[in-house]
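Let's take a walk through this fold, piece by piece. Keep the viewer open as you read.

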Amino acid sequence: MRWHRNRSHPGRPEILDLRHFTGILRYLVASACSYNEDMQRRSLTITGSRLGVLDVPEATWRTWLSERGELPMRIKQIRRWILARRAESFEVMTDVPAALRRDLADRFDPLASRISAHRQARDGTHKLLLTLSDGRSVECVLIQEDRRRTACISTQVGCGMGCVFCASGLNGLERNLTAGEILEQLVRLRNLLPTDERLTHIVVMGMGEPLANLDALLVALKEAGDRQGLGIGARHITISTVGLPSKIRQLAEAGKEYQLAVSLHAPNDPLRTRIVPTNDRIGLQEVLSAADEYFRITGRQVTYEYVLLGGINDYPSHARQLAGLLRGRKAHVNLIPFNEVAGLPYRRPGDAALAHFVALLRQAGISVKVRKRKGSEIEAACGQLRRQLLSAVPAAEG
Ligand code: SF4
C-alpha cells in the first residue's frame, strides 16, 4: 500500500493509491462475473433450490407448469400479481387455483429478497437494505420529490471499479445481481408507496457499475418498462457509468432511449486515474468519444457527473479544464458535493469553492446543476448504510 503525492497542490490531501492497482483486477473479475451468474442460475434450476419468481427462466416455468397440467399463461398471471398488483405472497393470488398456490409456495418465493433494514428520512427518502437469497446484501433508495417517485437501484453486490471516494467499492466486487434481483428492488421500493402512486423514474446509480452487468440490467429494465407491470419508460431511466466504452456502445445499440450519465469526476487523465482507477487503461478521450457516439445513435443528451472532493478536484483550474473538455458537446454537468463517509479521508467542498466552480462552468456556457442532498441522515449515499450495518452487526437487523 502506498500514498500518492498530490503534486499539483502540495500540502493538500493525498489520495490512497492502492486501488489504482486493484481496480483493473476487479474490472476483469466483474466481466467474468456475468458468466458465473449464468452458471449459478443454471445450477439453481437443476438442483431444485428455491428461486424468486422474477428469476425463474421461462423454460423452467413451462416444464414446471406442464407437469401440473397447467397452461403457460399462468406465468404471466403470477408475474403480474407481483409486478402490477403488489402481491408479496402466493396466498393473495386469488385467481390462481389453491392447489397451484400451495405448490408454488413449496418451490418458489414470490420475492427472493428480505428487507433487513428500512430507514426513512424527514424529506421522504426511504432506504432499504435487502438480503438476497445467498445472504449477501444490496441497497436501494426511494426518493420522493414533488410528483416524482424515483428508485435508485444497485446492479452488483459491492463494486470492482474502486473509485476512491465510494463506500460501495471499499470491499471490492462480490458478484453481479441477476435480472430478477435488480427488478425486485423496484418492486420493493414501489410497494412502499400508497396504492394510488407509482414509480415514475429509475436511476441506476446504486452499488456497482451498471455497464459491467449490462445483460442482466437490460432484461430487468425491459420488464420495468412493461405497461402491464411497472410501466416506467426508457426516457425516465438514467444509467450511470464510470465509462466503459464498449459497453456504452452496446447500450446505444440496444435501441432504447435511456439517459446516460458518465461519471467524470476529473477533467484530466492523471487526476481522473487517481480518483477513478479504471481510467488508467481507458483514458478520458476514449470515454468521451463513446459518450459522443451514444448521443449520435440515441439522440439523448449525455449528463456528466462530477463528485466534488474538497481540495482535490474543486479548483477553478479544474472547472476551466472541464469547460474546455465539454465545449462544443451537447452535455449537461451534474455537480455532486461529496457526502462524507466514515473511514474515507475526503471532505465536502466549501460553499465558496462550489459557487465559484458553478459560476466558471456557466460563464463558459456549460449547462450545470448541483445535486441536492437527499436522505443525508439515513446514509442515503451509495454503499453507506450497508457498510455501516454490516460492520455493526454480523447479521443485519430484521
Ligand atoms: S462510484 Fe459507482 S462505479 Fe465507482 S466504486 Fe462506487 S459504485 Fe462502483
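## A helix and what follows

Helix H11 itself covers residues 351-363, so to speak 13 residues, and reaches 18 Å from first C-alpha to last, close to the 18 Å expected at 1.5 Å a residue (the expected span is 1.5 Å times one less than the number of residues). Helices here are DSSP runs of H or I with at least four residues, strands are E runs of at least two, and both are numbered from the N terminus.

This is a predicted model: local features need pLDDT of at least 70, side-chain atom pairs count only at pLDDT 80 or more, and totals for chains, interfaces and linings use all residues. Residues are numbered from 1 along each chain as its sequence is written.

## Two helices side by side

The axes of H7 (residues 245-253) and H9 (residues 284-298) come within 9 Å and cross at roughly 5°. Axes are lines fitted to C-alpha atoms over the stretch in contact, with angles from 0 to 180 degrees between N-to-C directions. That makes H7 roughly parallel to H9 (angles under 35 degrees count as such).

Contact means C-beta atoms, placed from the backbone, within 7 Å. H7 brings residues including Pro-245, Ile-248 and Arg-249, and H9 brings, among them, Glu-286, Val-287 and Tyr-294.

## The ligand shell

Twelve residues lie around the ligand, and Cys-159, Met-161, Cys-163, Cys-166 and Gly-169 come nearest (near means a C-beta atom, placed from the backbone, within 6 Å).

## The whole chain

The protein chain has twelve helices and 16 strands.

Note on methods. Parallel < 35°, antiparallel > 145°, perpendicular 65-115°, else oblique. Contact = placed C-beta atoms within 7 Å.
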